[in-house]
Amino acid sequence: MSRRKNDLSQRLEAVIKTLVPQQEQNPDDLGPMMRAIKAVHSISDHTSTTPEDLERQRAAEELFARLVTPGIGIRSDSLTVGSIPAEWVSLEHGHDRRHAVLYCHGGGYTCGQLGYARILASKLALATGFDVLSFEYRLAPEHPFPAAIEDAVAMWDYLMYMGYGARDVIVAGDSAGGNLALELALKLKEQGRAQPRGLVLFSPWTDMTASGKSYRTCKTLDPMLTMEYIAAVREAYTGPDADWSRPCYSPLFADLRGLPPTLVQVGTNEILKSDSERLVEHLQKAGVYAQLEVYPECWHVFQQMPIRRAAVAMESAGRFVQRII
């Protein structure tokens, strides 16, 4: 098993290092970037949730993260909360210790570990000046719904135990992690508990029914996601017979009244664009302050990548957080 993992890592590293823009390249050269993204996503069959394919997908994300995670001025400190592996990501100097970001990573609820989470956790620390707590929630299909939300609530409880108030914490998430961030806020509301100070969501997956028009209109534009992938990870997370319109799966259809101020960022070239647009519309109708930012010619969770538009988006996220704080 160890030799097979080493062989896979060597193959991934050779592919990605060839395609991801290096220091001497123009960071806005989206040709190599698109090829790099597609390379990672073609290492295995993303419509498969077999143990072998999931191993490849998870290994690909971890290696990709090591190549693109900001490293200067950032420190990370691991911990375990109950049985949940977690990590504090912080600025090495001069940061705000009074507030924190609880970050929920993406990966379709089937992939994503601390190394992968460190990409956006680092960028959130740089953008906000806050300590960022990321965590390895249990993944499907080994641990389907509601394992991830149980772990998110446990992490929220840990922050409260550590002395943070709800108003001291921003909850952030990308893709499936955006779904999880919303579900955490809804679970806190259901329990009659205080809401976080705000939500910052990057390309959140809000509608598991896939009823938005962008699932059709952006089908050929999206370099990362396909409806086949959505169907595969959705089934792995919920089981094949779930009613995906239930708010516990699709927060788009929840009662959103009382949720905190929310920033949503999305790219024009992704099939989940409607999930973001409709979420902001529903939040505003529910009386929640919600801001939508749509980035031209950008793809799913482009904020992860070392490009200028990602830096612009993260700076905007930092300004949003400072405004609501």
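Select Arg193 to begin: its relative accessible area is 29%, so Arg193 counts as partly exposed (buried means under 20% relative accessible area, exposed over 50%, partly exposed in between, with a 1.4 Å probe and protein chains only). This is a predicted model, in which local features need pLDDT of at least 70 and side-chain atom pairs count only at pLDDT 80 or more, while totals for chains, interfaces and linings use all residues. Residues are numbered from 1 along each chain as its sequence is written, and side-chain values use heavy atoms, with hydrogens and water left out.

Asp157 and Arg193 form a salt bridge, with 2.7 Å between the closest N and O atoms (a salt bridge is a side-chain nitrogen of Lys or Arg within 4 Å of a carboxyl oxygen of Asp or Glu). Asp157 sits in helix H5 (residues 147-161) and Arg193 in the loop between helix H6 (176-190) and E6, so the pair ties together parts that are 36 residues apart in sequence. Helices (H or I, at least four residues) and strands (E, at least two) are DSSP runs, numbered from the N terminus. Asp157 is partly exposed, at 33% relative accessible area.

How many salt bridges does a search of the whole structure find? The search gives 11.

Go next to Arg118 and Glu87, a salt bridge in which the closest N and O atoms are 2.8 Å apart. Arg118 belongs to helix H4 (residues 114-128) and Glu87 to strand E2 (residues 84-91), so this pair ties together parts that are 31 residues apart in sequence. Is Glu87 buried or exposed? Glu87 is buried, at 5% relative accessibility, while Arg118 is partly exposed at 27%.

Select Arg138, Glu150 and Asp151 together: salt bridges link them in a network.

Then pick Lys285 and Glu281, whose side chains meet in a salt bridge of 3.2 Å, N to O. Both lie in helix H9 (residues 273-285), four residues apart, which is about one turn of the helix. Lys285 is exposed at 66% relative accessible area, and Glu281 is partly exposed at 38%.

Stay with H9 and select the whole helix. H9 has 13 residues and reaches 19 Å from its first C-alpha to its last, close to the 18 Å expected at 1.5 Å a residue (the expected span is 1.5 Å times one less than the number of residues). Its buried residues are Lys273, Ser274, Asp275, Ser276, Leu279, Val280 and Leu283. The cover over them includes H6, E6, helix H7 (214-217), strand E7 (262-267) and strand E8 (290-295). After H9 comes Gly287, with a positive phi near 85°.

Val200 is buried, at 2% relative accessibility. Among the residues that Val200 touches are Ile170, Ala172, Leu263 and Phe320 (contact means heavy atoms within 4.5 Å). Thr262 is 62 residues from Val200 in sequence, yet their C-alpha atoms are 5.9 Å apart.

Which residues have the most contacts inside the largest nonpolar core? They are Leu102 and Phe135, in a core of 71 residues. A nonpolar core is a set of buried Ala, Val, Leu, Ile, Met, Phe, Trp, Tyr and Cys residues joined through side-chain atoms within 4.5 Å. A second, separate core has 23 residues, including Ala125, Phe130, Phe202 and Val321. In soluble globular proteins, nonpolar side chains tend to be buried together.

The next stops are about the backbone. Most residues other than glycine have a negative phi, and most peptide bonds are trans. Select Ala140 and Pro141: the peptide bond between them is cis, with omega near 0°. Phe145 and Pro146 are also joined by a cis peptide bond, with omega about 10°. Pro141 is in the loop between strand E4 (130-135) and H5, and Pro146 is in the loop between E4 and H5.

Then select Ala210, which has a positive phi of about 55° although it is not a glycine. Ala210 is in the loop between E6 and H7. Glu297 has a positive phi too, near 60°, and lies in the loop between E8 and helix H10 (308-324).

Finally, select the whole protein chain. There are 10 helices and eight strands, and 59% of the 325 residues count as buried.

Methods:
Lists of a residue's contacts leave out its neighbours within four places in sequence.
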